[in-house]
Amino acid sequence: MPLPIICRHMATASSSAAAGGRSRASLAAALLLVGSAGGAGVALCLSPHEAAVLQGAGGTSEPKEPDLWDRWASVKAFLGSWRRGPPPSEVPLPVDKLKCHLQPGGYSLERYHPAVLVLCGSFNPPTFMHLRMLELAQQALAKSGFDVLGCYMSPVNDAYWKAALAGGRHRVRMCQLATADSDSIMVDSWEVEQRQYTRTLFVLQRVERELGALFSAGTTPAPAEPAAGACPPTPPRVVLVCGADVLHSMADPTLWRQDLLETLLRNHGVVCISRTGSDTARLLDKPGTLLNTYRRNVTVVEEPVPNEISSSRVRHELERGHSVRYLLPDAVARYIYSHGLYNTAQQRPRLLHLGDQKRRSPIYVMDPTLGILVDAWDLATPPIMHDPCCD
Ligand SMILES: Nc1ncnc2c1ncn2[C@@H]1O[C@H](COP(=O)(O)OP(=O)(O)OP(=O)(O)O)[C@@H](O)[C@H]1O
Ligand SMILES: NC(=O)c1ccc[n+]([C@@H]2O[C@H](COP(=O)(O)O)[C@@H](O)[C@H]2O)c1
């Protein structure tokens with residue numbers, strides 16, 4: 001396999017190709033791919049041929065004629081594998097929060113339709129809106145007769161084309177912190193742990209496979225009400241949850257391979273949460289499209305309390321040193337500050353109480369943007385050391 005040519009060093013890991021969005025044209029314009037290998041920002045120049053070879057070397061069972069986006073993902077995965085080494089062979093699917101909600105007196109098989117929801121995304125960082133989406137989706141499916149056993153967030157692999165993506169392990173940890181109090185949402189780190197980007201259909205199929213194995217081994221989830229008896233041994237349908245922008249993107253064949261999309265829509269189905277400015281009805285009404293053909297498998301949920309919380313807006317506020325409190329869980333915000341994510345490392349907290357450093361007793365500082373007390377030992381960036389007693 002020819003190695004990519006390192007063209008020139010760059011100060012930051014952003015480029016016009018990386019920041020310029022998903023358009024085929026912007027990626028085609030110059031195969032100037034930027035990543036960070038060994039901690040240093042580097043720009044790689046690849047010919048289309050080299051990119052294609054890299055795609056082949058990625059070992060994916062995917063397209064014979066990969067589009068540019070696939071190649072981009074493969075090169076990023078290639079850079080990622082320099083950093084990360086081989087992935088663990090198995091990543092168990094968490095099942096600890098799976099449960100069925102049976103009617104008192106048992107269930108009737110004709111009326112029992114178990115489902116599990118999977119929200120795929122960057123979660124860069126996870127916000128309250130991501131959690132809210134799963135709440136809305138559960139509610140909508142329950143109304144249409146499904147028994148929702150549980151939900152998963154599946155953070156996307158580092159090889160995904162999105163710019164300014166924090167490392168996958170940080171995003172998994174942030175999702176775990178965000179869902180720690182939830183009785184139904186779990187985090188599946190399988191996608192992040194892979195050596196390359198995985199298309200959404202294959203993520204759903206992995207969850208389906210894992211749950212199929214669990215159910216066929218005779219292990220069913222715990223009933224929410226133990227008095228209701230054991231959960232039925234029917235494996236759940238695995239349904240995708242997404243925002244309206246992702247539903248719109250499904251009409252773009254350079255982003256969604258249409259044969260895979262058809263399988264996704266037919267076998268899994270989608271719960272789509274509306275987003276301001278989106279016209280999902282028009283999208284689903286367009287004749288001759290897959291979304292139109294399978295529209296009965298697409299449930300659109302209107303958010304009765306519309307809001308525009310998004311990860312990019314949160315990142316923007318963080319970078320400006322503004323408060324992000326009540327846009328995401330406090331535990332996630334603390335994690336961001338303590339790891340200096342999204343350029344927060346420069347925003348050094350102000351020391352309020354100087355503890356005994358030798359004994360490692362707590363040093364409490366006021367986080368300037370969160371307005372909360374945190375223990376400075378948890379912080380990656382040391383606080384500015386002013387002793388309030390003597391300043
Ligand atoms: N405010 C929102 N309303 C509806 N859907 C949303 C909202 N925020 C995120 N989503 C959906 O959540 C899923 C995961 O989102 P993801 O983290 O990939 O993007 P995002 O939150 O829009 O981030 P960014 O702003 O960085 O693009 C996507 O399907 C996205 O459409
Ligand atoms: N072909 C595909 O499977 C496909 C295409 C575009 C986005 N997605 C997924 O949608 C999610 C959200 O993506 P964006 O953040 O780019 O909107 C991600 O998890 C991504 O993997 C999947």
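Trainee: What makes the link of C100 and C231 left-handed or right-handed?

Mentor: The angle about the S-S bond is -95°, and with that value the link of C100 and C231 is left-handed. Keep in mind that this is a predicted model.

Trainee: How do you know that C100 and C231 form a disulfide?

Mentor: Their sulfur atoms are 2.0 Å apart. The cut-off is 2.5 Å, so a pair within that distance is called a disulfide. A search of the whole structure finds one disulfide. The pair links distant parts of the chain: C100 lies in strand β4 and C231 in the loop between β8 and β9, 131 residues apart.

Trainee: Why is C231 called buried?

Mentor: The relative accessibility of C231 is 5%, and buried means under 20%, so C231 counts as buried. C100, at 0%, counts as buried too.

Trainee: What about C272, and which cysteine sulfur is nearest?

Mentor: For C272 the nearest cysteine sulfur is that of C242, at 4.8 Å. The limit is 2.5 Å, so C272 is in no disulfide. C272 is buried, at 0% relative accessibility.

Trainee: Which way do the residues of strand β10 point?

Mentor: V270 and C272 point one way, V271 and I273 the other way, and all are buried.

Trainee: What makes β9 and β10 a pair of strands?

Mentor: They have four bridges between them, in the parallel sense. A pair needs at least two bridges, so β9 and β10 qualify. One of the bridges joins G243 to I273 in β10. Strands β10 and β11 also pair in the parallel sense over four bridges, and in β11 the bridge partner of I273 is V301.

Trainee: Now to the ligands. What makes the approach of D245 to ligand 1 a polar contact?

Mentor: A polar side-chain atom of D245 lies 2.4 Å from an oxygen atom of ligand 1. The limit for a pair of N or O atoms is 3.5 Å, so the pair counts as a polar contact. A backbone N or O atom of F123, 3.0 Å from an oxygen atom of ligand 1, and a side-chain N or O atom of R275, 3.2 Å from one, meet that limit as well. The protein covers 92% of the 610 Å² of accessible area that ligand 1 has on its own.

Trainee: How many residues surround ligand 1, and of which classes?

Mentor: There are 22 residues around ligand 1, with S122, K162, G243, D245 and S312 the closest. By class, nine are nonpolar, nine polar and four charged.

Trainee: What makes T200 a polar contact of ligand 2?

Mentor: A polar backbone atom of T200 is 2.9 Å from an oxygen atom of ligand 2. That is within 3.5 Å, so the pair is a polar contact. For Y197 the distance from a polar side-chain atom to an oxygen atom of ligand 2 is 2.7 Å, and a polar side-chain atom of R199 lies 3.2 Å from a nitrogen atom of this ligand. The shell around ligand 2 divides into nine nonpolar, three polar and three charged residues.

Terms used. Residues are numbered from 1 along each chain as its sequence is written. Chains are lettered from A and ligands numbered from 1 in the order in which they are written. This is a predicted model: local features need pLDDT of at least 70, side-chain atom pairs count only at pLDDT 80 or more; totals for chains, interfaces and linings use all residues. Side-chain values use heavy atoms; hydrogens and water are left out. A residue is near a molecule or strand if one of its heavy atoms lies within 4 Å of it. A polar contact is a pair of N or O atoms within 3.5 Å; within protein, one must be able to donate a hydrogen and the other to accept it, and residues adjacent in sequence count only if both atoms are side-chain atoms. Accessible areas come from the Shrake-Rupley method with a 1.4 Å probe; for residues, only the protein chains shown count as cover. Ala, Val, Leu, Ile, Met, Phe, Trp, Tyr, Cys and Pro count as nonpolar, Asp, Glu, Lys and Arg as charged, and the others, Gly among them, as polar. Buried means under 20% relative accessible area, exposed over 50%, partly exposed in between (1.4 Å probe, protein chains only).
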